[in-house]
Amino acid sequence: MEASTPSEALNLVENVREISAIVSDIVMPGESNGYATAQLLRRVRPDLSILLVTGLPRGDALLQQAQADFDLIRMPFDQHGFQRAGKAVMARPLATNAGRI
């Protein structure tokens with residue numbers, strides 16, 4: 001499934017219980033960013049596994065905040081790197097679902 005806005009993502013997460021994981025870029029156009037959206041989705045559904053994608057430079061304040069709360073994969077990455085990151089996020093207990101992959 002795909003959501004074009006944070007509002008669409010929230011609607012999906014609230015209404016489709018089969019969703020167990022979210023992948024979002026930290027930088028998004030429009031009303032919010034991926035980090036704020038991930039925070040909102042986690043409050044609504046604490047059971048979600050969340051992986052954030054970024055190309056932000058190291059040391060960026062938003063990147064540091066996001067990395068403290070969620071798993072993160074840096075661009076560029078290949079299909080195998082993305083698969084490893086996704087599997088790691090899904091396997092980790094939610095209480096420890098934060099850090100760099």
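Predicted model: local features only at pLDDT ≥ 70, side-chain atom pairs only at ≥ 80, totals over all residues.
**The largest pocket**

- The largest pocket has a volume of about 360 Å³.
- Its lining is made of 22 residues, and Glu 2, Ala 3, Ala 9, Ile 22 and Val 23 are the ones closest to the centre.
- Sort the lining by class and you get 16 nonpolar, 5 polar and 1 charged residues.

**H1 and H2**

- Two packed helices are described by the angle between their axes and the distance between the axes.
- For helix H1 (residues 6-15) and helix H2 (residues 34-44), the axes come within 10 Å and cross at roughly 20°.
- Angles under 35 degrees count as roughly parallel, so H1 and H2 are roughly parallel to each other.
- The crossing of H1 past H2 is right-handed.
- On the H1 side, the residues in contact are Pro 6, Ala 9, Leu 10, Val 13 and Glu 14, and they meet Thr 37, Leu 40, Leu 41 and Val 44 of H2.
- That contact between H1 and H2 splits into 7 nonpolar, 1 polar and 1 charged residues.

**H2 and H3**

- H2 also has helix H3 (residues 61-69) beside it, with axes that come within 10 Å and cross at roughly 25°.
- H2 and H3 are therefore roughly parallel to each other as well.
- Here the crossing is left-handed.
- Tyr 35, Gln 39 and Arg 42 from H2 meet Leu 62, Gln 65, Ala 66 and Asp 69 from H3.
- By class, the H2 and H3 contact has 3 nonpolar, 2 polar and 2 charged residues.

**A cis peptide bond**

- Going from Met 75 to Pro 76, the peptide bond is cis, and its omega is near -5°.
- To find Pro 76, look in the loop between strand S3 (71-74) and helix H4 (79-91).

Key. Residues numbered from 1 in each chain as written. Heavy atoms only, no water. Axes fitted to C-alpha atoms, helices over the stretch in contact; angles between N-to-C directions. Helix = DSSP H or I, 4+ residues; strand = E, 2+ residues; numbered from the N terminus. Parallel < 35°, antiparallel > 145°, perpendicular 65-115°, else oblique. Left-handed = near helix turned anticlockwise from the far one by under 90°. Contact = heavy atoms within 4.5 Å. Nonpolar A, V, L, I, M, F, W, Y, C, P; charged D, E, K, R; others polar. 1 Å grid on protein atoms, 1.4 Å probe; cavity = no way out; pocket = protein on both sides within 12 Å on 5 of 7 lines; lining within 4 Å. Points joined across faces, edges and corners; volume = space filled by probe spheres on them.
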